[in-house]
Amino acid sequence: MRVVAGRRARLLRTLMALDVLRLALGDGRGPRRAARALRRLTRLLAAVRDPDEIGRCALAGGRVYTHVHAPGWPSRAFARHLRAELAALETEAGDGGSILPTRLQSIIFAITKRCDLRCEHCCEWQQLDRPEALSAADLGRILARFRELGVTQVHFSGGEPLRRLDDLLDVARREAGAIDCWLFTSGVGLDRQTARRLRRAGVRGINLSVDHWRAAEHDAFRGVPGTFAAAMGAAEAACEAGLALCLTVCATRSFTTPENLRRYADLAGRLGAGFIQILEARAVGRYAGRDVALTAAQVAVLDTFVATMNRDARRAAAPLVVYPAGDQRRLGCVGAGRRYLYVDPDGLVHPCPFCRDAVGSALAADFPACLDALRRRGCEHPAMAPRAAVAPVTLSTLSGEGCA
Ligand code: SF4
């Protein structure tokens with residue numbers, strides 16, 4: 001994957017903007033309605049983005065990515081994503097919880113309970129290696145159901161999704177045009193041939209878990225020797241196959257230091273990652289009942305790292321850094337079906353992988369009602385409460401015309 005900045009990035013973003021203009025003029029909108037929808041979209045992006053970020057894009061497999069949680073452009077999934085976003089912005093009254101219109105955009109879908117590793121932070125620890133509850137047909141039914149609800153991106157997880165490779169390839173083949181398909185993987189089992197098979201089935205990206213820049217620390221965290229080497233091989237295979245690559249790190253108390261973050265970013269750059277995603281350790285799964293939450297000082301270290309990486313023109317070719325918990329403290333919770341949700345390996349639907357509070361099965365006939373219930377209930381985990389010094393941005397804080 002390659003990260004571009006400067007004139008090249010500006011050109012690509014201009015071409016994307018022209019395509020967005022074309023999409024806004026479609027769907028029976030006249031020029032006035034299109035202009036209004038685009039104004040709202042522009043205000044939304046201005047409020048959500050860091051104004052000091054240098055404009056960069058990551059390129060892989062003939063597509064342009066500006067964020068790891070949005071479909072690549074150009075693609076059918078991107079067009080569906082933009083159309084749905086514009087339609088939501090035209091009608092959304094806003095609930096005061098987040099600036100983002102309520103629209104189920106993506107899901108994290110745990111398709112298996114199988115895994116060979118024993119990671120210290122595993123969210124599915126209590127489920128690992130139990131008998132599978134979902135058949136291959138169930139996987140297809142669930143994803144088709146979410147596609148019909150407007151989902152444009154899926155992150156397959158587990159367990160280790162590569163332990164169910166044939167079913168994964170089948171479901172990706174069926175949905176990959178309409179939905180951008182990504183994997184959360186440890187990289188174990190992701191050799192060159194598997195990467196090529198994934199790419200041919202339509203999978204677009206890999207969220208590769210790398211939890212330290214030092215092999216020994218990563219292997220100790222993952223509970224099995226040799227997993228760092230496997231992850232390094234997987235990164236190479238993914239890039240060769242034209243898959244987008246994001247390195248995802250679990251930021252624990254011991255990891256979260258400026259030195260570790262700097263070295264981690266160097267490693268991600270060397271591996272050809274377009275993105276780094278930082279997930280904070282949370283007291284669920286194997287960490288349940290433990291005091292693993294980062295301190296305010298460590299959250300500040302992460303904020304500084306993200307700003308430095310994304311604003312510094314001298315790092316123009318470095319991976320783009322995404323920090324969902326930081327965004328959540330600023331913008332409000334976007335889980336619980338507002339923008340995304342989590343489907344566990346039993347098919348049960350939760351607000352997110354960290355907040356377990358199932359509302360029902362994704363296979364249930366009354367699932368749309370469950371989704372409404374999930375959204376009404378919401379999910380404001382105390383650890384994600386906005387910091388006192390930073391007022392959360394909401395729809396009502398948008399200047400000028402509201403979104404009603
Ligand atoms: S975190 Fe993922 S890779 Fe690690 S044990 Fe759990 S399912 Fe397996």
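**Sheet, helices and ligand shell in a predicted model**

In this predicted model, an open sheet of 10 strands runs in the order E10-E9-E8-E7-E6-E5-E4-E11-E12-E13, with mixed pairing.

Me: What makes strands E10 and E13 the edges of the sheet?
Reply: Strand E10 (320-322) and strand E13 (360-361) each have a single partner strand, so one side of each is left without a neighbour in the sheet.

Me: Which strands does helix H6 touch, and at what angle to E7 does its direction lie?
Reply: Helix H6 (residues 192-201) packs on the sheet in contact with E6 and E7, and its direction makes about 135° with that of E7. Helix H11 (residues 324-331) also packs on the sheet, touching strand E9 (275-280) and E10; the direction of H11 makes about 70° with that of E9.

Me: How do you know that the length of helix H3 agrees with its number of residues?
Reply: At 1.5 Å a residue, the 16 residues of H3 (residues 76-91) should span 22 Å. The end C-alpha atoms of H3 are 23 Å apart, which agrees.

Me: Which residues of H3 are called buried, and what covers them?
Reply: Buried means under 20% relative accessible area. The residues of H3 in this class are Ala-77, Phe-78, Ala-79, His-81, Leu-82, Glu-85, Leu-86, Ala-88, Leu-89 and Glu-90. Their cover includes helix H1 (6-25), helix H2 (31-48) and E6.

Me: Why are both faces of strand E2 called covered?
Reply: In E2 (residues 57-60), Cys-57 and Leu-59 on one side and Ala-58 and Ala-60 on the other are all buried. In a regular strand the side chains alternate between the two faces of the sheet.

Me: What are the pairing partners of E2?
Reply: Strand E1 (residues 2-4) pairs with E2 in the antiparallel sense over three bridges, and Arg-2 stands opposite Leu-59. Three bridges also join E2 to strand E3 (residues 63-65), again antiparallel; there, Val-64 is the bridge partner of Leu-59. The hairpin of E2 and E3 has two residues between the strands, and Gly-61 takes a positive phi near 55°.

Me: How do the residues of the shell around the ligand divide?
Reply: The shell holds five nonpolar residues, two polar and one charged. Its members are Cys-115, Leu-117, Cys-119, His-121, Cys-122, Leu-128, Gly-159 and Arg-222. Cys and Leu count as nonpolar, Arg as charged, and Gly as polar.

Definitions and conventions: Residues numbered from 1 in each chain as written. Predicted model: local features only at pLDDT ≥ 70, side-chain atom pairs only at ≥ 80, totals over all residues. Heavy atoms only, no water. Pairing = 2+ DSSP bridges. Helix = DSSP H or I, 4+ residues; strand = E, 2+ residues; numbered from the N terminus. Contact = heavy atoms within 4.5 Å. Axes fitted to C-alpha atoms, helices over the stretch in contact; angles between N-to-C directions. Expected span 1.5 Å × (residues − 1). Buried < 20%, exposed > 50% of the residue type's maximum accessible area, 1.4 Å probe, protein only. Near = heavy atom within 4 Å.
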